Amino acid sequence: MENSRLFGSGRSIRFTLAWAVPVAVLSLAAAVLAAKGIRALPAVESFLVDYPGASALPAGAPVGFPAWLAWQHGLNVFFILFIVRSGWQVRTAGRPTVFWTRRNTGALRTRRAPTRMGINVWLHLTVDALWVLNGLLFYVLLFATGQWLRIVPVSWDIFPNAVSALIQYASLGWPVGDGWVNYNALQTLSYFSIVFVAAPLALATGIRLSPLWTSRRLSRLVPIAATRVVHVGVMVFFLVFIAVHVTLVLATGALRNLNHMYAATSDEGWIGFWIFAASLAVMVVAWFAAGPRALRAIASLGGTVTTR
């Protein structure tokens with residue numbers, strides 16, 4: 001019951017993937033063909049000239065990426081990996097066999113007895129907490145350094161420029177630009193949606209679905225079934241964004257893009273690639289190290305682990 005509360009039953013997602021993947025591939029191929037045909041129309045060619053795909057940044061917007069943003073990006077990748085992994089385990093593992101209960105002592109002592117939860121739910125909530133802390137620091141630095149000007153739309157022409165960028169991407173004629181100076185409009189809207197819409201929505205719905213939610217009065221106002229649909233939908237949005245993001249990073253100048261994201265430099269050297277490769281190695285090691293025995297040992301540091 002605990003697992004179904006957080007994510008619902010696990011059988012349906014396998015059935016969905018069985019038909020969703022081929023449908024997505026066929027839809028992508030059809031979209032490319034359609035975009036190539038549309039782009040050849042005179043009216044569309046004129047539209048692309050009027051709206052090349054990027055909106056002008058406000059005066060004073062920073063150029064380039066600071067080192068803290070590169071570190072934030074790497075940490076977010078790591079946390080999202082384990083958020084998705086633990087969420088999948090919660091959804092598919094069935095009834096928990098190992099449970100965690102917080103020790104109700106010291107500064108964390110509460111009147112009510114701590115809520116017992118499955119070990120996979122504990123991992124999901126723990127990584128969520130680290131992701132939220134990292135996100136709060138990200139918001140502070142984003143506004144303190146002016147980097148928000150690069151991802152918050154400030155002009156209505158962001159929308160026709162986004163349509164222009166979408167046509168260019170879909171027709172496999174990448175928008176011409178330099179992300180070090182200015183994102184194209186579609187990137188701007190995507191990053192804005194991730195930072196200011198999807199991330200807060202994931203947090204809000206996750207709180208409602210977690211075992212920590214105990215308010216019966218508020219539960220009537222926030223139905224759990226609808227909240228679960230939104231929570232899983234946000235996860236799918238993150239996964240689609242990551243898949244598209246990684247594909248475009250590698251297809252539109254991998255070395256330069258990896259330097260932007262991991263080395264905070266704008267050249268085509270190999271520093272960003274090697275940092276990226278090292279981060280992948282760390283994630284692979286962490287993935288295999290996070291087995292049942294390791295999880296029990298780590299969970300026991302802050303609570304009691306039981307098998308019933």
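**A colleague's note on the predicted model**

1. Accessible areas are from the Shrake-Rupley method with a 1.4 Å probe, and for residues only the protein chains shown count as cover.

2. Some housekeeping before going on. This is a predicted model, in which local features need pLDDT of at least 70 and side-chain atom pairs count only at pLDDT 80 or more, while totals for chains, interfaces and linings use all residues. Residues are numbered from 1 along each chain as its sequence is written, and side-chain values use heavy atoms, with hydrogens and water left out.

3. Now the overall picture. The protein chain has twelve helices and three strands; these are DSSP runs numbered from the N terminus, with helices being H or I of at least four residues and strands E of at least two. Its C-alpha atoms fill a box of roughly 70 × 40 × 40 Å along the principal axes. The accessible surface comes to about 17,800 Å², and 72% of it belongs to carbon and sulfur atoms.

4. Of the 308 residues in the protein chain, 37% count as buried. Buried means under 20% relative accessible area, exposed means over 50%, and partly exposed lies in between (1.4 Å probe, protein chains only). Among contacts (heavy atoms within 4.5 Å) between residues at least 6 apart in sequence, 76% join residues at least 24 apart.

5. Val246 counts as partly exposed because its relative accessibility is 40%. His245 is also placed in helix 9, but His245 counts as buried, since its relative accessibility is 19%. Leaving aside residues up to four places away in sequence, His245 touches His73, Tyr191 and Met261.

6. Beyond residues up to four places away in sequence, Asn259 touches Ala264, Thr265, Asp267, Glu268, Gly269, Ile271 and Gly272. A polar atom of the Asn259 side chain lies 2.7 Å from the backbone nitrogen of Gly272. For a sense of scale, Asn259 and Val44 are 215 residues apart in sequence and 34 Å apart in space, C-alpha to C-alpha.

7. Ala264, one of the residues touched by Asn259, is found in the loop between helix 10 and helix 11 (271-289). Ala264 is not a glycine, yet has a positive phi of about 55°. At 18% relative accessibility, Ala264 counts as buried.

8. Leu172 is a residue other than glycine with a positive phi, near 65°. Leu172 belongs to the loop between helix 6 (158-170) and helix 7 (185-209), and counts as partly exposed at 49% relative accessibility.

9. Finally, helix 5 (residues 119-144) has 26 residues and reaches 38 Å from its first C-alpha to its last, close to the 38 Å expected at 1.5 Å a residue. The expected span is 1.5 Å times one less than the number of residues. Just after helix 5, Gly146 takes a positive phi of about 80°.

How values were computed. A polar contact is a pair of N or O atoms within 3.5 Å; within protein, one must be able to donate a hydrogen and the other to accept it, and residues adjacent in sequence count only if both atoms are side-chain atoms.
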